[in-house]
Amino acid sequence: MTRKIADCRRYPSVSNCTLTISGEEDEVVRAAAEHAVSVHEHTDSPELREQIRGTLEDEKVAA
């Protein structure tokens, strides 16, 4: 299974967050949603999780 990443640096925020989360897709969506709620004051919802899922990228493996 391809690992996924969520990288806060790709999205402007007041806190200039630099967190990157990587792992299996469901793990990353769950952790990123928890982070979005606790740090960025979003409300956890199915819509938030789908938005996060849509922004995930494949983790690049060093050759």
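1. Strand 1 and strand 2 run antiparallel and are joined by 4 bridges; please bear in mind throughout that this is a predicted model. Within this pairing, Ile-5 has Ser-22 of strand 2 as its bridge partner.

2. Helix 1 packs on the sheet and touches both strand 1 and strand 2, its direction making about 155° with that of strand 2.

3. The sheet as a whole is open and consists of 3 strands in the order 2-1-3, with antiparallel pairing. Strand 2 and strand 3, the latter spanning 57-58, are the edge strands, since each of them pairs on one side only.

4. Two residues deserve a look at their backbone angles, given that most residues other than glycine have a negative phi. Asn-16, although not a glycine, has a positive phi of about 50°, and this residue lies in the loop that links strand 1 (4-7) with strand 2 (20-23). Is Asn-16 buried or exposed? Its relative accessibility is 61%, so Asn-16 counts as exposed, the cut-off for that class being over 50%.

5. The second case is Glu-41, which is likewise not a glycine and has a positive phi of about 60°. Glu-41 is found in the loop between helix 1 (25-38) and helix 2 (46-55), and with a relative accessible area of 70% Glu-41 is exposed.

How values were computed: Residues are numbered from 1 along each chain as its sequence is written. This is a predicted model: local features need pLDDT of at least 70, side-chain atom pairs count only at pLDDT 80 or more; totals for chains, interfaces and linings use all residues. Side-chain values use heavy atoms; hydrogens and water are left out. Helices (H or I, at least four residues) and strands (E, at least two) are DSSP runs, numbered from the N terminus. Buried means under 20% relative accessible area, exposed over 50%, partly exposed in between (1.4 Å probe, protein chains only). Two strands pair if DSSP finds at least two bridges between them. Contact means heavy atoms within 4.5 Å. Axes are lines fitted to C-alpha atoms, for helices over the stretch in contact, and angles run from 0 to 180 degrees between N-to-C directions.
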